[in-house]
Amino acid sequence: MGISYSTAKWMAPTSFLIDFAAQQYGMLSTPNMKTIHDRNLSFFSPQPFFIAGFFFPQQLFQLAWLYRLYKLDPKKPGERSELDQMVDFVPYYSVGNLCIATWMVFWNAERLDISNIFVVINSLTQLYYITAKLPAMNTNSTSSILTNIVSKTFAGIGVLDLLHNGSVAFAKDQPATTTVKALTGVGFGLASVASDWIFGGCLVYDLVALAVGQSALDGGWSKILGAYAVGCAAIVGAKNLARPPYNGPNSGYSKTATDEMQDRA
């Protein structure tokens, strides 16, 4: 999915603005996105204000990342390697923004089956990027830090979106079965074992949002989700304290000559 620097510098902000406009439509239209949420509940319905609380700071990180993408100059050797990583993420980032924008249109039209298609595309795209394409974070590089934060928070909230939209589209008003409860625990547990602080923190946040959302629908399931959140937080914390995931002897990150030059600058 390689693209040129010039293409990346218009593609990324354009997709951000399209998504931002769609979010305003979702909040200001009648019915709005929360009205649709309240009409369509299921066993993976989160507390909706947790989603709003997540997206506000996440969009600030996106703006910082977009500014950095625009500011860096590929003609400067000290900036080119940073820009290369950011440009590599741009197609996945743009697909995500466009999918979320399209999801909003179908969500507000209460076509949850169609909106689910775009949720699946976005979530799988972001998960693929962070697991197969994203280099380990270099904590000496602002661009690397921002790319890791933006991509992993996109993927992290994508997990919640996948569970939420799928459940309301195909299992509206249904309680969580024993199988669903077991698979949720196993799935989040295994994902936590493989997660760094950022994505792991998002998984814990997802579980807390679900636990709070379910508290008014199914108290027993809400308590289980809360226990899963505590368990996942413990796993993420223990794993990352034992083996720090970022640059260092056990991080999997190796400095390039360009990185060393940047450190000396």
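**Exercise 1.** Find which residues Tyr93 is in contact with, leaving aside its neighbours within four places in sequence.

*Solution.* First, the ground rules: this is a predicted model, where local features need pLDDT of at least 70, side-chain atom pairs count only at pLDDT 80 or more, and totals for chains, interfaces and linings use all residues. Residues are numbered from 1 along each chain as its sequence is written, and side-chain values use heavy atoms, without hydrogens and water. Next, look for contacts (heavy atoms within 4.5 Å). Tyr93 turns out to touch Ala12, Ser15, Phe16, Gln62, Trp65, Leu66, Val150 and Phe154. Finally, turn to ring pairs (Phe, Tyr or the six-membered ring of Trp, centres within 6.5 Å; planes under 30 degrees apart are stacked, over 60 edge-to-face, the rest tilted). Such pairs link Tyr93 into a cluster with Trp65, Phe89, Tyr92, Tyr128, Tyr129 and Phe154.

**Exercise 2.** Classify the ring pair formed by Trp103 and Trp107.

*Solution.* Start with the total: the structure holds 15 aromatic pairs. For Trp103 and Trp107, the centres are 5.3 Å apart and the planes make 35°, a tilted pair. Then check the spacing: these two residues are about one helical turn apart because four residues separate them in helix α4 (helices are DSSP runs of H or I, at least four residues, numbered from the N terminus).

**Exercise 3.** How is the ring pair of Phe106 and Phe118 arranged?

*Solution.* With centres 5.9 Å apart and planes at 5°, the pair is stacked. Now place the partners: Phe106 belongs to helix α4 and Phe118 to helix α5, so the pair ties together parts 12 residues apart in sequence.
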